[in-house]
Amino acid sequence: MRVDGAAEADGAATADGMTGVGPVTAAEAGGEARLSGEELQRLHPVKSFVRRSARLDDRLQRAWDRYAGHYLLDMPSGARDLEVADDFTFDAAFVRRAWGNDHDLVIEIGSGQGENVAAAAAAHPELNFLALEVYDPGVAHALLFAGRDGLENLRVAQVDAQGFVPHLGDGVAGEVWTFFPDPWPKMRHHKRRIVQPAFAAQVRRALRDGGVWRIATDIEDYALHVHEVMDGLDGWANDGTLAVSLPTEHVGKGNAEDAAGLPHADFVESPRFEGRILTNFERKGLAAGRVIHDFTYRRV
């Protein structure tokens with residue numbers, strides 16, 4: 001699953017090879033204050049995905065036509081594609097209307113083909129699940145699974161997560177999942193990675209006390225990036241129990257083979273999250289010899 005899409009956009013970088021402003025601290029990200037989409041775009045001005053249209057095959061189009069009215073959330077649109085209106089808040093009252101109950105909410109950012117969130121919804125009818133996805137085929141697959149299995153605790157939103165998360169009400173979610181985000185492997189594109197201090201501040205605000213942000217990646221350099229962003233942020237506790245050795249310097253697409261020769265240090269990560277099924281995407285990563293890195297960051 002790619003939260004941001006697997007494609008890169010060379011033309012998205014500025015002339016000096018950078019993709020936006022420098023690192024943003026949690027304090028600069030607004031702390032507990034809910035930011036508007038426009039404010040978050042100012043703090044994190046580059047998109048972490050490249051959206052390309054893809055035609056739906058007949059099966060997926062039928063699923064969309066049949067199930068979108070029930071499972072695809074209808075929210076007021078903003079000025080830009082995949083954005084919601086500035087005055088919209090996804091709060092507990094909205095959850096109650098959309099799901100018809102007050103169960104704990106789990107949000108998956110980047111549901112990919114939808115198989116993981118659908119399996120989780122089927123296994124945990126006592127929880128509500130929200131799948132965020134930008135790509136039409138991924139949305140259609142999630143709708144297909146929801147309708148086929150009658151998953152009344154699953155809803156889907158076709159939104160840009162970076163712009164949507166600031167619209168989440170304070171403490172509305174019990175967990176947020178970001179599994180296998182786009183690694184943006186080129187060094188000059190690392191700032192496009194979705195795990196950033198500004199975004200983390202908004203995820204933390206949306207989580208209830210003790211809520212967790214689960215992250216997984218099969219890219220070693222992205223694992224280092226997650227540690228650099230998250231381990232030093234106030235308001236988060238790394239609940240990991242496993243010692244993992246990682247390079248202490250970043251590599252990019254052209255020099256990834258140099259990572260083994262770089263200085264290494266131990267970091268703390270989590271065992272594989274049992275609530276994540278083994279998807280085709282993860283299976284391919286394992287077959288290619290990549291190591292899966294799991295993270296559990298708890299709001300404190």
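Reader: Buried means under 20% relative accessible area, exposed means over 50%, and partly exposed lies in between (1.4 Å probe, protein chains only). Which of these describes arginine 208?

Author: Arginine 208 is partly exposed, because its relative accessible area is 34%. Please note that this is a predicted model, in which local features need pLDDT of at least 70 and side-chain atom pairs count only at pLDDT 80 or more, while totals for chains, interfaces and linings use all residues. Residues are numbered from 1 along each chain as its sequence is written, and side-chain values use heavy atoms, without hydrogens or water.

Reader: Where is arginine 208 placed?

Author: Arginine 208 belongs to strand S5. Helices (H or I, at least four residues) and strands (E, at least two) are DSSP runs, numbered from the N terminus.

Reader: And what is arginine 208 in contact with?

Author: Apart from its neighbours within four places in sequence, arginine 208 is in contact (heavy atoms within 4.5 Å) with Asp104, Gly171, Ala173, Gly174 and Arg299. Its C-alpha atom is separated by 10.0 Å from that of glycine 169, which is 39 residues away along the chain.

Reader: Is S5 mostly covered or mostly open?

Author: S5 is mostly covered, as eight of its eleven residues are buried. For the protein, buried residues make up 56% of the 300 residues.

Reader: Which strand runs parallel to S5?

Author: Strand S4, residues 173–179, runs parallel to S5, residues 207–217, and six bridges join them. Two strands pair if DSSP finds at least two bridges between them. In this pairing, alanine 173 stands opposite leucine 207 of S5, and tryptophan 177 stands opposite arginine 214 of S5.

Reader: How many bridges are there between S5 and S9?

Author: S5 and S9 are paired in the antiparallel sense over six bridges.

Reader: What is the strand order of the open sheet?

Author: The seven strands of this open sheet follow the order S3-S2-S1-S4-S5-S9-S6, and their pairing is mixed. At the edges are strand S3 (154–157) and strand S6 (236–238), each of which pairs on one side only. From one strand to the next, the twist averages 20°; axes are lines fitted to C-alpha atoms, for helices over the stretch in contact, and angles run from 0 to 180 degrees between N-to-C directions.

Reader: Which strands does helix H7 lie across?

Author: Helix H7, residues 197–206, lies across S1, S4, S5, S6 and strand S9 (293–299), and runs at about 135° to S5. Helix H3, residues 92–99, lies across strand S1 (105–109), strand S2 (128–132) and S3, at about 100° to S2.

Reader: Changing topic: at what angle do H2 and H5 pack?

Author: Helix H2 (residues 58–71) packs with helix H5 (residues 136–149) at an angle of about 70°, and their axes are 8 Å apart. Among the residues of H2 that meet H5 are Leu60, Ala63, Trp64 and Tyr67; the H5 residues that they meet include Val139, Ala140, Leu143 and Leu144.

Reader: Finally, how many helices and strands does the protein have?

Author: The protein has nine helices and nine strands. Of its contacts with a separation of 6 or more, 80% are between residues 24 or more positions apart.
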